[in-house]
Amino acid sequence: MINPTEYLPKSYHPRVSTYWWLTRWVYLKFILREASSVFVAWTVILTLLQIRALAAGPARYAEFQDWLRSPLLLVLNAVSLFFVVFHAVTWFNLAPKAMVVRVGGRRLPNLAISAPNFAAWAVLSAAIAWILMRG
Amino acid sequence: MANRITIEVTRYDPAQDEKPRFDSFEVPLRKEWVVLDALNYIKDHLDGSLTFRWSCRMGVCGSCGMTVNGVPKLTCATFLSDYAPGPVRVEPMKNFPVLKDLVVDTSDFLVKLEKSKPWIIRKVEKPLDEEYFQTPEQLEAYKQYSMCINCMLCYAACPVYGLDPLFIGPAAIALAQRYNMDSRDEGASERMDILSQHDGIWGCTFVGECTQVCPKHVDPAGAIQQYKLTATMEWVKALVLPRGSE
Amino acid sequence: MSKRSNEPFLWLLFSAGGVVSALLMPIHLLLFALAFPLGWLDGPGYEKLLVLLRHPMTRVYLLVLCSLPLFHWAHRFRFTLYDGLQIKHLSEFINVFCYGGATVGTVVAACLLWSI
């Protein structure tokens with residue numbers, strides 16, 4: 001590396017604190033966004049446990065349902081829901097940054113990219129709810 | 001509005017100090033003053049040894065970047081009255097070695113900037129009397145990135161650069177994109193070789209703060225994500241067509 | 001490209017997983033973990049769920065729902081450990097833990113869905 005300042009006795013090299021993500025709200029928001037992935041992984045584990053319980057018969061599935069009603073699981077899943085929704089909202093809002101769509105040489109505004117994402121989210125959620133709850 | 005405000009400024013004298021400290025100064029609080037005016041007031045009237053960089057005073061030269069109350073700012077475009085009643089804390093740009101007071105060593109950025117080849121690359125140059133035509137749409141494709149003034153606020157805002165000094169960083173990648181998107185340029189694959197390394201675009205975790213602090217709305221964070229998308233599509237292409245994709 | 005990097009592949013998995021988990025996970029979690037157990041809404045009974053689960057389309061759907069989000073987690077968690085805790089020097093161990101974990105999770109999901 002070029003160092004045009006070698007004649008100086010020294011320079012001060014600040015070190016980044018391990019807790020840099022606590023120093024500003026924007027950094028904390030970033031870390032929370034990344035941490036949402038842990039709750040995404042938890043949701044997968046929960047789904048796998050549910051499939052296993054379903055496969056093991058009605059008695060085991062009823063036990064699984066009871067387990068879901070325990071306070072610890074309810075709190076954990078409420079927190080998870082918050083983070084998974086946080087992930088969805090931040091993800092759709094950031095999508096226009098990575099995807100540039102040009103129509104007639106003009107870049108589409110951010111909303112034109114994120115709005116269809118939010119719409120797809122709503123439609124798919126409604127469809128899943130309908131499949132599970134119909135008749 | 002009180003007519004004075006306290007400014008806490010980082011002081012560091014490499015000949016004497018082990019690490020930086022803060023000095024407090026009281027300066028007039030005037031509606032039309034920016035933080036840079038306050039620093040010049042200190043230098044002219046209170047302590048002539050205060051060292052900082054500045055030049056144009058109008059957000060073009062990119063030399064007066066500092067940390068104001070924790071946030072990377074061009075001090076010529078940051079009004080003092082926005083921080084009333086104070087105190088205002090002025091520190092050197094983060095993530096760079098400090099040479100003296102508010103002056104940082106920017107050599108690392110200059111090395112990285114050159115690595116990303118921010119100039120038009122042609123396989124064959126046109127003769128001098130022939131022009132390179134460009135439509136307004138082609139200009140629009142890269143214009144945003146060409147607004148970069150190399151102020152390095154994006155590096156100061158980037159935690160990845162702070163943690164991993166090998167990361168090539170926001171502005172260098174945005175400027176690579178400025179030339180990649182230029183219809184006259186043919187150097188995209190040369191730049192891709194350098195920027196698709198681990199220390200290039202893949203080091204970025206999309207904190208997005210580089211874009212927030214950019215005084216010229218360059219949006220380096222967007223540039224990097226778009227570059228990732230391009231690199232991934234190239235990768236898929238090379239997978240599907242192992243030969244002849246170049 | 002001079003040096004083939006596997007980062008594009010990992011990023012592709014991360015992005016696909018990000019999309020899948022953003023679109024599908026909130027409703028799954030809301031219904032199965034809160035609304036049905038708490039009786040806010042009438043969920044499907046055991047028999048009906050089992051019929052649904054045995055449908056081949058459901059199995060493919062659930063495999064995607066379980067696999068890609070795990071790779072999404074692997075990517076983000078890896079960088080969070082690198083940067084948030086500043087333990088990039090353990091990167092080999094972290095990579096094995098994250099992407100290995102996602103691969104194991106995918107295999108487990110596939111076996112589970114196959115065996116029903």
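Q: How many salt bridges are counted between chain C and chain A?
A: Happy to start here: this is a predicted model, in which local features need pLDDT of at least 70, side-chain atom pairs count only at pLDDT 80 or more, and totals for chains, interfaces and linings use all residues. Side-chain values use heavy atoms, without hydrogens or water. A salt bridge here is a side-chain nitrogen of Lys or Arg within 4 Å of a carboxyl oxygen of Asp or Glu. Between chain C and chain A the count is 1 salt bridge.

Q: What is the area buried between chain C and chain A?
A: Buried area is the accessible area (1.4 Å probe) that two parts lose on being put together, summed over both. Carbon and sulfur atoms give 76% of the area here. The total is about 4,500 Å².

Q: Which helix gives the largest share of the side of chain C that touches chain A?
A: Helices are DSSP runs (H or I, at least four residues), numbered from the N terminus. H1, H2 (46-54), H3 (56-84) and H4 (91-115) of chain C each supply at least two residues of that side. The largest share, 18 residues, comes from H1(C).

How values were computed: Residues numbered from 1 in each chain as written. Chains lettered and ligands numbered in written order.
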